[in-house]
Amino acid sequence: MKTTIIGKQMNVSADLKALVTKKLSKFDKFFGDDAEAFVSFNRRHGQECLEVTISANGTLFRAEKKNTTFNNAIDECMEVIERQIRKNKTRLERRLRDGAFSPYDGEISGFMSEEESDEIITRTKKFPIKPMTPDEAILQMNLLGHSFFVFVDQDSEETCVVYKRDDGNYGLIVPER
């Protein structure tokens, strides 16, 4: 797995880099050599924040944790990602076997949290969109831990949105032409 480690407004020590690389290596058994891990270290409001995103065959696994030390945050992030893999193992295997998660062209431009304040866009998040079914979009949304997910429907080639409803079910927004 290719690992990219970034320190936002800080330098990441060699010890932390080695620890993250060692911890991420246990996921090599789940992902092929083409998997990429993006690890971002940051200090915010007196806490140490760690964001880990693994991209494998078009599927994203993401965890973001704040803790008093980076070592604790690393352990928590690894547990979250491992739980995501375990929870969705059969669905992922079925989709990988069917070739539904084929590699896509493009780069991941960034993984920043999108924040809004009084209708002013303060951050922008860009990501490649690949055609998928609504079921695959729901799986991807759950893996990321988001409440909605934008995707291109592979049948209609329309940009659609799946979202989690308050009653626990899912909704699909399809544009009307």
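Buried means under 20% relative accessible area, with exposed over 50% and partly exposed in between, for a 1.4 Å probe and protein chains only. By that cut-off C160 is buried, because its relative accessible area is 1%. C77 is buried too, at 0%.

Before I go on, a note on the model. It is predicted, so local features need pLDDT of at least 70 and side-chain atom pairs count only at pLDDT 80 or more, while totals for chains, interfaces and linings use all residues. Residues are numbered from 1 along each chain as its sequence is written, and side-chain values use heavy atoms, with hydrogens and water left out.

Back to the cysteines. A disulfide is a pair of cysteine sulfur atoms within 2.5 Å, and the count by this rule is zero.

Now the helices, which are DSSP runs of H or I with at least four residues, numbered from the N terminus. Helix α1 covers residues 14-24 and helix α2 residues 70-87; their axes, lines fitted to C-alpha atoms over the stretch in contact, come within 11 Å and cross at roughly 15 degrees. Angles under 35 degrees count as roughly parallel, so α1 is roughly parallel to α2. Contact means heavy atoms within 4.5 Å. On the α1 side the contact is made by L16, L19, V20, K23 and L24, and on the α2 side by F70, N71, I74, D75 and M78.

Last, helix α4, residues 134-144. Eight of its 11 residues are buried, among them I138 and L139. G145 follows α4, and its phi is positive, near 75 degrees.

Note on methods
Helices (H or I, at least four residues) and strands (E, at least two) are DSSP runs, numbered from the N terminus. Axes are lines fitted to C-alpha atoms, for helices over the stretch in contact, and angles run from 0 to 180 degrees between N-to-C directions. Angles under 35 degrees count as roughly parallel, over 145 as roughly antiparallel, 65 to 115 as roughly perpendicular and the rest as oblique.
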